[in-house]
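Let's take a walk through this protein together. Have the sequence and the 3D view at hand, and follow along from one stop to the next.

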Amino acid sequence: MPHIHTQPGQHDMTVSAYIIRKVDGEWRCLVHMHRKAGKLMQVGGHVELNETPWQTLVHEIREESGYQSSELDVLQILPLPTIETAVMHPVPFLSNTHTVGNAHFHSDWCYGFVAAALPHHDVAEAESTDMRWCSLAELRALAESGECLRDIVTIYSFLLDNISTFRRIPCNEFSLAKPLRGETFIP
């Protein structure tokens, strides 16, 4: 989706999926060549006006990587409470704001995922087909050559350095629905 906010100094809300899987006993990190930026990046995109961040992330993962949510576990640190009047979503492991040029910013929620295998579906039409499963050493070399964003390496490094602190929860345990009832807040 295009930027919602286009004036200098404005922010768009984005979500990112840092997807890892073990290949021959070594963690590999998924990156793809971003169509507009021309750099290897994580999967993700802009939160659309009619979607929750979780809905956006699930559809971006499907479009950009070919993974269905049933093929992934989301990494979580703490158990989540149950709230009768709300739909619970996974908690990102990182939140950051970064510049994307032209005095425009993205405030990004970063989620970690584990895949057991390659995706069962193809990447959506008009999305990048340059998908790579890289080790951290390979990502560092790609960042040094300018092919990959340095921040991606830092975030994947953090995720893998702390992998033992996360709980793996099947993505399908989190609903894509919006709440049907609840408290109404009127100013």
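Is D24 buried or exposed? D24 is exposed, with a relative accessible area of 81%; here buried means under 20% relative accessible area, exposed over 50% and partly exposed in between, with a 1.4 Å probe and protein chains only. Before we go further, a word on the basis: this is a predicted model, in which local features need pLDDT of at least 70 and side-chain atom pairs count only at pLDDT 80 or more, while totals for chains, interfaces and linings use all residues. Residues are numbered from 1 along each chain as its sequence is written, and side-chain values use heavy atoms, with hydrogens and water left out.

Back to D24, which sits in the loop between β1 and β2. Helices (H or I, at least four residues) and strands (E, at least two) are DSSP runs, numbered from the N terminus. The backbone of D24 deserves a look: its phi is positive, about 50°, although D24 is not a glycine. Most residues other than glycine have a negative phi.

Now turn to β7, a strand that is mostly covered: nine of its 12 residues are buried. Let's see what it pairs with, where two strands pair if DSSP finds at least two bridges between them. β1 runs parallel to β7, and the two pair over 10 bridges; V15 stands opposite W109 in β7. β6 is antiparallel to β7, with seven bridges joining them, and G101 faces H104 of β7 there. The hairpin of β6 and β7 has two residues between the strands, and N102 takes a positive phi near 55° in it. β5 and β7 are also antiparallel, joined by three bridges, and L72 stands opposite A115 in β7.

Next, the aromatic side chains. The structure holds eight aromatic pairs; rings of Phe, Tyr and Trp (its six-membered ring) pair if their centres lie within 6.5 Å, with planes under 30 degrees apart counted as stacked, over 60 as edge-to-face and the rest as tilted. One of them is the edge-to-face pair of Y18 and F93, at 6.2 Å centre to centre and 75° between the planes. This pair links distant parts of the chain: Y18 belongs to strand β1 (residues 11–23) and F93 to the loop between β5 (72–76) and β6 (94–101), 75 residues apart. Y18 is buried, with a relative accessible area of 1%, and F93 counts as buried at 12%. Another pair is W54 and F113, whose ring centres are 6.3 Å apart with planes at 15°, so the pair is stacked.

Which residues of helix α2 (residues 136–144) are buried? They are L136, L139, L142 and A143. These four cover an arc of only 120° around the axis, which puts them on the same side of α2; the arc is that of the directions from the helix axis to the C-beta atoms. An α-helix has 3.6 residues a turn, so residues three or four places apart point the same way. The buried residues of α2 pack against β2 (26–33), β3 (40–41), β8 (131–134) and α3 (150–161). On the face turned away from the buried side, α2 carries the exposed residues A137 and E144. After α2 comes G146, with a positive phi near 90°.

From α3, S157 reaches towards this region. S157 is in contact with L136 and R140, leaving aside its neighbours within four places in sequence; contact means heavy atoms within 4.5 Å. S157 is buried, with a relative accessible area of 11%.

Our last stop is P179, in the segment after β9 (167–170). P179 touches T85 and V87, not counting residues up to four places away in sequence. The C-alpha atoms of P179 and T85 are separated by 6.8 Å, although the two residues are 94 apart along the chain.
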